[in-house]
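Dear colleague,

Please find below the structure that I am handing over to you. My notes on it follow, arranged by topic so that you can read them alongside the model.

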Amino acid sequence: MKSRLPMLLLMRILQCLSLILVAIATANQVNAGIMTHDAMSKHFPAPYIIGEKEKEMPVWPIFKKNMTSTDLVAYAFESIDFAPVPGFSGVPMNLLIALDTKGTFLDVQVLSHHEPVFLDGLGEAPMRAFVHQYNNLSLKQNIKITTHGMSASRQEGANVYLDGVSKATASVRIINQSALSSALKVARKKLGFAEGRDPDLIARIKSDSADNIPVSDLYQRGLIQTVTMNNKEIEKLFQGSEGAGLDPIALRTPEANFIDMELSYVSVPAIGRSLLGEKGWASLQNRLEPGDHALMFLSRGRYGVVGDDFTRGAVPDRLMLKQGDLPIEIRDLDLDIKLPGIGTKPATSANSITPTIPTAVPTIKIFRIISQSGLDPSQKLEFFLHVTRNKGIIYPEKITRDVSFSMQLPSEFYIAAESDNKSWHSIWKQRWWELTLLSVALIVLSVAMTMQKKLSQHETAFIWFRRSFLLFTLCFIGWYAQGQLSIVNLTSVVQALMAGRDLGFLLYDPMSVSLWIFVLISLIIWGRGTFCGWLCPFGALQEFTGKLAQYFHVPQIRIRAALDNKLKRLKYVLLGFIIISSFVSTGLTDQLIEIEPFKTAITLNFIRSWPFVLYAAGLLLASAVVYKFFCRYLCPFGAGLAVLGRFRILDWLPRRAACGTPCQTCRHHCEYKAIRPDGGIQYDECFQCLDCVVIYESDEKCAPLIMEKKRTRTIPIAASH
């Protein structure tokens with residue numbers, strides 16, 4: 001029999017390795033799209049026609065019959081192929097998205113997800129209602145999420161607000177990132193959207209600008225940018241090169257203007273209406289798509305933004321526009337507009353602005369910048385005008401120098417981007433006051449843990465302090481801020497690491513991240529009891545239930561020590577099953593984590609299907625007769641913290657030599673049975689309620705102190721005799 005043990009052990013190890021390999025293979029498959037051509041056809045029936053899935057990019061072209069032609073109307077794709085953002089279970093959700101050729105959402109549907117709050121919790125209806133709001137929204141809009149109880153999305157200026165889902169704020173932001181990030185990647189490759197800049201992170205031109213600004217004021221305020229350079233300055237650019245001295249006119253008249261142009265942002269209503277007039281403004285608007293920009297150049301000098309051989313409607317070869325490192329294409333609108341009052345370039349004096357008549361007929365060009373280019377009107381526009389000279393006749397050598405100039409639009413004409421709604425930054429900013437309040441509470445708790453002996457000297461004050469803090473934990477951390485830590489936090493990390501994903505998804509829940517940072521520190525210093533005894537909302541609810549039952553003299557069940565020790569091991573068994581399942585099957589993990597009643601009692605406020613409510617209520621009833629029944633015997637998360645708490649550096653609860661030998665007062669009063677007969681603390685089972693410290697500091701409850709008190713009273717009497 002003994003000889004077979006090594007072989008049996010080897011077989012068990014091989015079986016475990018096989019399960020891990022299967023899990024890895026399954027996790028890798030999760031990142032691949034699942035849709036087939038037939039499935040796509042069912043999602044997008046006639047009159048749509050589904051093309052073949054493209055080889056170089058996992059998108060499905062969608063066509064539609066238009067009289068005698070078949071037009072491309074959209075691209076369909078799965079978000080998991082482009083932005084596999086892990087959800088709270090550590091597994092990415094998968095959305096089916098159809099994006100039309102202008103960057104507008106044709107349809108968004110949920111194909112798969114493992115979000116705990118939507119699985120047997122709120123149900124999938126709120127999630128599907130949320131994603132339905134994307135229909136007919138555009139990537140050119142600034143899409144934001146709010147939770148003000150709107151019935152549908154609403155638009156305010158350049159911003160579009162989606163109605164979020166209460167109790168699932170982090171999950172809907174992960175959905176938002178999945179939808180927008182994947183759609184943007186497709187738009188960049190297929191629809192010409194600019195690389196490196198997200199449309200919802202750029203400012204938008206105000207459409208409701210004030211009244212027209214007089215032309216003279218436009219000059220004075222710098223809204224018409226003037227660029228002038230004379231021949232001598234241009235010649236200086238070519239100095240020391242093969243292009244020096246090749247312009248006889250420049251050599252003959254060095255002070256004459258070479259460049260004399262004016263630049264204006266005519267797609268800004270207050271500027272465009274003033275320069276173009278109402279008729280010209282209307283003509284311009286008819287040629288621009290929503291979100292497009294238009295810049296007008298008026299040239300008078302020898303050298304303009306376009307040459308004599310320029311093709312109308314083309315991209316100018318002389319002029320380049322950049323923002324940062326992003327080159328932006330500009331194209332001639334080929335728009336014939338008569339400008340009212342054109343040619344009134346004013347000359348300023350100390351007291352007035354007087355228009356003057358130019359000496360040459362100006363050349364006017366209006367260039368369009370499409371919305372997909374990523375131009376941000378809040379950032380500086382940098383222009384480069386290429387000046388080229390030719391040396392030689394048959395195969396001339398071209399020597400080019402750039403004249404650079406810039407333009408900055410004042411903030412009164414645009415709406416600045418507020419925040420990045422596809423990442424976690426915005427939710428941290430929005431919840432700043434909650435995080436501040438939590439930080440203050442954690443500081444107070446840290447001080448209390450550090451000064452526990454002093455705090456415990458006043459029993460009544462300590463009792464009210466603990467009750468108040470637990471009430472804060474239950475009502476604010478739990479029910480309001482949704483900060484209940486759970487075994488899901490551990491399994492999601494395991495599943496994300498197994499699939500090779502980063503852990504950035506955790507940052508979408510700032511309360512949980514903040515609590516985790518504190519809990520990890522407290523585990524090292526004090527052990528698992530700091531969280532389980534003070535910061536667990538369901539634990540606080542159980543404690544209130546138990547104390548209330550004791551107040552009304554509900555009979556308490558005192559479990560024998562031997563049985564108590566066996567029952568405490570059960571939570572470690574449950575922890576093992578859940579952790580193993582996270583390597584094997586996400587679906588199985590979703591079912592096993594329901595051993596925790598946190599989602600029912602804290603996240604959903606008991607608004608859930610009756611089996612879950614009955615289970616959570618049953619655990620609370622059990623806690624009424626067996627103190628904190630779930631925490632002590634069934635909580636897998638508590639078991640996980642107990643394992644991690646073994647690495648603590650302090651045995652910090654005070655003990656005396658008489659504790660356990662002979663005094664057993666603290667052990668009998670400990671409702672968690674976390675004190676051994678020898679007086680030692682079982683920190684793995686201690687919830688740090690500090691009741692034993694109260695006894696330790698009380699000369700009316702602590703037997704050694706009582707004896708010491710009696711001794712000090714009897715010694716003087718004996719001495720007097």
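**The nonpolar cores**

The largest nonpolar core has 69 residues, and those with the most contacts inside it are Phe 531, Leu 535, Phe 538 and Leu 653. Please keep in mind that this is a predicted model. Helix 12, which covers residues 459-480, supplies the largest share of this core, namely 7 residues.

Leaving aside residues up to four places away in sequence, Leu 653 touches Ile 681, Tyr 683, Cys 686, Leu 690, Cys 692 and Val 693.

An open sheet is built from 5 strands in the order 1-2-3-4-5, and their pairing is antiparallel. Its edges are formed by strand 1 (48-50) and strand 5 (105-112), each of which pairs on one side only. From one strand to the next, the twist averages 25°.

The pairings can be followed strand by strand. Strand 1 and strand 2 are joined in the antiparallel sense over 3 bridges, and here Ile 50 stands opposite Ile 62 of strand 2. Strand 2 (residues 60-66) and strand 3 (residues 69-78) also pair in the antiparallel sense, over 7 bridges. Within this pairing, Trp 60 has Ala 76 of strand 3 as its bridge partner, while Lys 64 stands opposite Asp 71 of strand 3.

How many residues lie between strand 2 and strand 3 in their hairpin? There are 2 residues between these strands, and Met 67 in the turn has a positive phi of about 55°.

Helix 4 (residues 169-190) lies across strand 3, strand 4 (94-100) and strand 5, and runs at about 40° to strand 4.

**Salt bridges**

The structure holds 29 salt bridges. Asp 336 forms one of them with Arg 312, and the closest N and O atoms are 3.1 Å apart. This pair links distant parts of the chain, 24 residues apart: Asp 336 is in the loop between strand 15 (331-332) and strand 16 (345-348), and Arg 312 is in the loop between strand 12 (293-299) and strand 13 (319-323). Why does Asp 336 count as exposed? Asp 336 does so because its relative accessibility is 66%, and the cut-off for exposed is over 50%. Arg 312, with a relative accessible area of 47%, is partly exposed.

Another salt bridge joins Glu 594 to Arg 608, with the closest N and O atoms 2.9 Å apart. Here too the pair links distant parts of the chain, 14 residues apart: Glu 594 is in the loop between helix 18 (586-592) and helix 19 (598-603), and Arg 608 is in the loop between helix 19 and helix 20 (610-625). Both Glu 594 and Arg 608 are buried.

Arg 431 and Glu 434 form a further salt bridge, in which the closest N and O atoms are 2.8 Å apart. Both of these residues, Arg 431 and Glu 434, are buried.

Finally, a network of salt bridges links Glu 235, Asp 247, Arg 302 and Arg 389.

With kind regards

Methods
Residues are numbered from 1 along each chain as its sequence is written. This is a predicted model: local features need pLDDT of at least 70, side-chain atom pairs count only at pLDDT 80 or more; totals for chains, interfaces and linings use all residues. Side-chain values use heavy atoms; hydrogens and water are left out. Two strands pair if DSSP finds at least two bridges between them. Helices (H or I, at least four residues) and strands (E, at least two) are DSSP runs, numbered from the N terminus. Axes are lines fitted to C-alpha atoms, for helices over the stretch in contact, and angles run from 0 to 180 degrees between N-to-C directions. Contact means heavy atoms within 4.5 Å. A nonpolar core is a set of buried Ala, Val, Leu, Ile, Met, Phe, Trp, Tyr and Cys residues joined through side-chain atoms within 4.5 Å. Buried means under 20% relative accessible area, exposed over 50%, partly exposed in between (1.4 Å probe, protein chains only). A salt bridge is a side-chain nitrogen of Lys or Arg within 4 Å of a carboxyl oxygen of Asp or Glu.
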